[in-house]
Amino acid sequence: MTFDTRDHNGRMTHFDQHDSFWLFGYGSLIWKADFPFLERKPAWIDHWSRRFWQGSHDHRGIPSAPGRVVTLISERGARCDGMAYRIEPSLLQQLDMREKNGYLRELVPIHFSPTSSVDGLIYLATPDNDAFLGEAPLARMAEQIAQAQGPSGSNRDYLLNLEQALRELGASDHHVSALASLMSDYK
Ligand code: SIN
């Protein structure tokens, strides 16, 4: 049912010899930074859009009733705002564990300003992973998010925490705010 990416990610050695490198978070990694980092700052990546298209069987849902969490969809001209963390490579095992349900490490340019960027890492869930749910009508996605619960808490909290974190960053994301505004339809 689930696609455990830990072995695959463990074979990626790109930053092993670095003292530190940058990780870009666009979902729970924005608002739930429960890991040691050396520095963090708001950042963005280009040509990616955030979407609630990845299934969560291990954090915000269960195998028989998965939740929906974010992944990124390639989209020319799009911009995805988030938070970048400078971390040590020894942290990757812990992050691979957290992101094991379909997310692969991927290298991308991370922008801090129009004139400052660095190659860093994201965790990306692509459509070929078994937990990928893909697009659905907004109301159906909202209903699923409103109902799903998993070991890390409610799927609703994941969405609302993300919406609040993006607001605090001054970032607008229509997909996230449209789903968040539908949460008041469910108690
Ligand atoms: C991320 O936050 O960058 C990845 C997706 C998630 O863990 O919510």
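Helices (H or I, at least four residues) and strands (E, at least two) are DSSP runs, numbered from the N terminus. With that in hand, welcome to the structure: it is a predicted model, in which local features need pLDDT of at least 70 and side-chain atom pairs count only at pLDDT 80 or more, while totals for chains, interfaces and linings use all residues. Residues are numbered from 1 along each chain as its sequence is written, and side-chain values use heavy atoms, with hydrogens and water left out. The largest share of the lining of the largest pocket, three residues, comes from α2.

**The largest pocket**

- A pocket here is an open set of points on a 1 Å grid over the protein atoms alone, where a 1.4 Å probe fits and protein lies on both sides within 12 Å along at least five of seven lines; lining residues have an atom within 4 Å of a point.
- The largest pocket holds about 300 Å³ of space, a volume being the space filled by probe spheres set on the points, which are joined across faces, edges and corners.
- Its lining has 22 residues, and S28, H59, R98, E99 and Y158 lie nearest the centre.
- At least two lining residues come from each of α2 (28–31), β2 (39–56) and β3.
- By type, the lining has eight nonpolar, eight polar and six charged residues; Ala, Val, Leu, Ile, Met, Phe, Trp, Tyr, Cys and Pro count as nonpolar, Asp, Glu, Lys and Arg as charged, and the others, Gly among them, as polar.

**Around the ligand**

- From Y158, a polar side-chain atom lies 2.5 Å from an oxygen atom of the ligand.

- D81 sits in strand β3 (residues 67–87) and counts as buried because its relative accessible area is 15%; buried means under 20%, exposed over 50% and partly exposed in between, using a 1.4 Å probe and protein chains only.
- The side chain of D81 makes a polar contact with the side chain of R79 at 2.8 Å (a pair of N or O atoms within 3.5 Å; within protein, one must be able to donate a hydrogen and the other to accept it, and residues adjacent in sequence count only if both atoms are side-chain atoms).
- Not counting residues up to four places away in sequence, D81 touches F24, I30, A43, W44, R50, L166 and A171, where contact means heavy atoms within 4.5 Å.
- L169 belongs to helix α5 (residues 155–169) and is partly exposed, because its relative accessible area is 26%.
- Leaving aside neighbours within four places in sequence, L169 is in contact with I30, P42, G82 and M83.
- The C-alpha atoms of L169 and I30 are separated by 9.8 Å, although the two residues are 139 apart along the chain.

- H47 lies in strand β2 and has a positive phi of about 70° although it is not a glycine.
- H47 counts as partly exposed because its relative accessibility is 32%.
- S74, in strand β3, is exposed because its relative accessible area is 58%.
- S74 touches H47 and W48, not counting residues up to four places away in sequence.
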